Amino acid sequence: MGSVILDKSYQPDEVEKRWYDFWEKEQLFAASENKTQKTYSIVIPPPNVTGVLHMGHALNITLQDILCRYRRLKGDNVLWMPGTDHAGIATQNVVEKMLASKNTHRHQLGREKFIEAVWQWKEKYGSAIINQLKRMGASCDWQRERFTMDEGLSLAVRKVFVQLYNEGLIYRGKYIINWCPRCHTALADLEVDHDEVNGNLYHIRYPYPNSTKGLIIATTRPETMLGDTAMAVNPNDNRYVGLKNNTVILPLMNKEIPIIKDEYVDMSFGTGALKITPAHDPNDFEIGLRHKLPSIVVIGDDGKMTSEAGKYQGLDRTECRKAVVKDLEEQGLLVKIEPHMHSIGHCYRCKTIIEPNLSEQWFVKAKPLAEKAIAAVKSGETKIIPDTWANTYFDWLENIRDWCISRQIWWGHQIPAWTCTTCNELIVSMDTPTSCTACDSTQLVQESDVLDTWFSSALWPFSTMGWPEKTPLLKCFYPTSVLVTGFDILFFWVARMMMMGLHFMDDVPFKDVYVHALVRDEDGKKMSKSKGNVIDPITIIDNYGTDAFRFTLAAFAAQGRDVKMSEKRVEGYRHFVNKLWNAARFALMHLGEEQKELILKDLSLPDKWILSRLYSIIDSVTDALEEYRFNDAASTIYNFVWHEFCDWYLEAIKPILYEKDKKGCRTSTMSVMWRVLHDILIMLHPFMPFVTEEIWHKFPGTEDSILKTAFPANEESKAKKLKNKDAEVEMEIIEKVITGIRNIRGEMNINPSLSLTAAIHTIDSQITEIVDRYENIILDLAKLESLTVTDPQERPKFAAAAVIDGASIFVSLEGIIDFEKEAGRLEKELEKLDNELSTITKKLNNDSFITKAPDDVVKKVKKKYLALIEKQDKLKTNLDKTRSFANN
């Protein structure tokens with residue numbers, strides 16, 4: 001490709017669309033099932049088909065894309081498997097709301113027509129999230145896009161269900177489950193969000209038969225007492241060792257219930273007596289099983305009291321609570337009510353308070369599957385990064401309960417089980433049966449429940465590759481290389497994929513699990529619509545471009561630390577995109593079309609230095625990416641590009657490029673500039689794919705897409721030849737001298753265009769030799785008229801000083817600064833600063849402001865106060881210096 005002058009400014013909108021279309025057209029994201037090269041694979045955490053891109057998606061997709069583009073540049077055959085999740089409850093809710101807006105509902109349509117309506121919605125709106133992922137630059141193999149309800153995955157789901165059932169690992173039974181009265185479905189434990197709320201603790205007396213005395217219990221849910229079937233005490237509780245009564249009277253229901261003894265009862269809580277309601281509390285349910293207690297359902301699926309609740313039948317559960325408390329108080333059985341902070345479970349979708357309810361559901365026996373998943377991580381077959389999450393993973397799996405997999409909704413994988421209405425035989429089958437296997441009756445009814453969305457998602461790593469068929473894709477890319485995920489679905493999804501992968505593939509689904517943190521607002525608060533602090537990724541992309549946004553996410557993606565996001569930070573990295581663009585524009589003004597190789601003859605010091613630094617940077621970036629230290633890789637290359645390549649190297653070689661410095665070899669310098677920028681573009685490409693592709697196609701000596709090139713590698717012979725510690729030491733000394741002089745300019749408010757006179761006092765022969773040898777670089781970059789190096793002697797009069805290791809630098813100010821005038825300017829600036837500080841100090845000394853203002857506002861004011869104090873100190877120091885010069 002030929003060298004072309006770049007436009008003055010980079011405009012991401014047109015560039016991003018053009019290059020993404022190009023990548024797709026050229027099938028540059030496509031994986032091959034037949035290539036012999038090393039494979040690398042990732043399955044995307046499938047976003048919900050109802051989803052809209054949020055900050056969590058943006059971070060997750062960015063990190064995956066960095067890895068995939070990096071591995072392609074390393075020569076790997078990369079498969080990044082894309083797809084979406086049917087999201088049973090969420091999607092059904094969306095479509096039901098749509099139907100409600102048309103004054104109809106699913107029951108009017110019937111199951112078949114409703115499912116058709118969901119499919120139509122999916123076809124119309126389901127691709128929105130995919131298009132947004134593409135705007136993020138996601139380099140997925142889109143030709144292989146899957147959906148958890150497509151034909152192939154549905155076959156896999158049925159195969160897994162039938163096999164687990166036949167192995168005795170899936171069963172149907174009555175069990176206490178989490179029930180959402182709004183969604184009318186069971187919820188797995190992980191689908192329940194627990195929030196601390198201010199409630200009440202109701203102390204109630206359960207009298208002994210024919211007595212006013214009795215046992216006192218404390219409960220947060222008095223309405224459930226209508227379904228109590230026992231009272232329990234701990235057998236080790238001395239208060240009840242000699243208890244003569246074996247029963248108590250259940251208040252309001254006026255029936256005797258037994259007093260049982262069970263070690264589960266917490267002796268330290270209240271009176272040590274516990275009401276047992278097996279149908280409405282998971283712990284009570286287990287106690288009920290141990291003691292063979294009846295389970296009485298008093299709260300129905302609609303959240304209303306059942307006929308078992310007696311006179312309270314038909315009341316909503318909250319209304320029933322009020323009625324029960326009122327009646328207990330009237331009967332003298334309500335001892336007291338105490339305020340009580342406690343945790344209440346809410347449906348993760350609609351936020352309705354869930355109801356623990358006894359119900360017939362389908363379950364997976366999780367413990368046998370969990371054992372292998374635990375062993376795989378302990379043995380190192382799968383590595384969790386950061387490893388702090390491994391303990392959380394173990395804790396959950398070691399205490400796992402059976403997984404409730406049935407949902408009472410219509411959208412999803414309908415459970416492949418049929419009941420014969422003639423003989424009640426249960427048939428679980430891959431194929432739809434035509435007659436009963438027990439009595440030959442054709443009166444078969446399929447289970448109306450569907451499977452939990454996470455059941456199909458648990459098969460994602462192998463079902464997307466064609467399982468249960470033994471496909472070439474599966475053979476080539478399973479197990480996958482890494483899963484990139486948020487910690488919030490470590491149990492929902494990751495642990496279950498481990499269980500299913502090991503059981504059905506006899507291998508782990510991924511070698512590494514990289515767990516990233518949350519994206520929060522700039523003050524570290526969780527983003528939420530109610531707080532008004534949500535940042536929309538698409539808005540950020542529209543305003544600053546995808547590359548700046550991606551680089552910001554990567555730069556702050558430190559392991560185990562949440563990302564604090566703000567538009568200012570993205571704006572800062574937009575400046576970095578522009579810095580790269582301007583550097584490339586400058587380079588292309590000097591490079592010819594024929595430039596395509598590095599020339600190592602007659603290299604200047606800046607050339608030797610930048611090549612040495614380049615090969616160190618290649619090592620650092622490579623190591624960081626291999627170890628999932630995305631922020632280290634980003635900051636390393638950022639500092640190299642901005643500070644070393646742009647600020648120092650390009651400035652240092654300008655005299656050579658413009659042929660003012662006759663010592664340097666222009667041809668060699670241009671080749672070094674070409675090589676370093678060439679490798680910078682490749683290293684930056686995984687982070688900033690669009691701008692690097694745009695520059696690459698204007699760059700001499702390049703062919704095809706940047707995606708088809710190779711990541712810079714440190715071949716031992718080349719690295720040994722080009723790594724030059726002497727050049728790095730020499731350049732470091734030169735930089736320190738120039739920086740010292742520039743600092744004096746800034747502190748003393750000297751116009752940058754004025755040429756200065758400087759002297760260096762040192763006894764260090766190395767500094768003397770280096771300054772003498774490279775005086776031309778220092779004169780040019782420090783804008784000096786002259787520079788002398790001598791042994792230490794009396795400080796020059798009217799000179800400002802800077803100290804570096806082994807030397808003192810003096811810049812003559814005589815004739816440069818009007819000291820009296822400068823002192824007056826500094827005094828006025830200090831006076832203005834004092835007034836500003838006075839206002840802020842009053843605010844910080846105001847108790848009302850400190851206690852009533854939001855925390856983030858107080859923090860900002862304190863931060864501003866410290867910055868002003870620092871500025872005040874500097875101004876005072878400069879004023880003292882200026883006065884001393886004026887008084888000489």
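**Exercise 1. The hairpin of S5 and S6**

Task: In this predicted model, determine which residue takes a positive phi in the hairpin of S5 and S6, and state in which sense the two strands pair.

Solution. 
- Step 1: The hairpin has 4 residues between its strands, and His184 takes a positive phi near 55°.
- Step 2: Strand S6 covers residues 185-187, and its pairing with S5 is antiparallel, over 3 bridges.
- Step 3: Within this pairing, Cys180 stands opposite Thr185 in S6.

**Exercise 2. The packing of H24 and H25**

Task: Classify the relative orientation of helices H24 and H25, and describe which residues meet in their contact.

Solution. 
- Step 1: H24 comprises residues 725-747 and H25 residues 765-773; the helices pack at an angle of about 80°, and their axes lie 10 Å apart.
- Step 2: Angles of 65 to 115 degrees count as roughly perpendicular; H24 and H25 are therefore roughly perpendicular to each other.
- Step 3: From H24, the residues Val729, Glu730, Ile733, Ile734 and Val737 meet Gln766, Ile767, Ile770, Val771 and Arg773 of H25.
- Step 4: Sorted by class, this contact of H24 with H25 contains 7 nonpolar, 1 polar and 2 charged residues.

Terms used
Residues are numbered from 1 along each chain as its sequence is written. This is a predicted model: local features need pLDDT of at least 70, side-chain atom pairs count only at pLDDT 80 or more; totals for chains, interfaces and linings use all residues. Side-chain values use heavy atoms; hydrogens and water are left out. Axes are lines fitted to C-alpha atoms, for helices over the stretch in contact, and angles run from 0 to 180 degrees between N-to-C directions. Angles under 35 degrees count as roughly parallel, over 145 as roughly antiparallel, 65 to 115 as roughly perpendicular and the rest as oblique. Contact means heavy atoms within 4.5 Å. Ala, Val, Leu, Ile, Met, Phe, Trp, Tyr, Cys and Pro count as nonpolar, Asp, Glu, Lys and Arg as charged, and the others, Gly among them, as polar. Two strands pair if DSSP finds at least two bridges between them.
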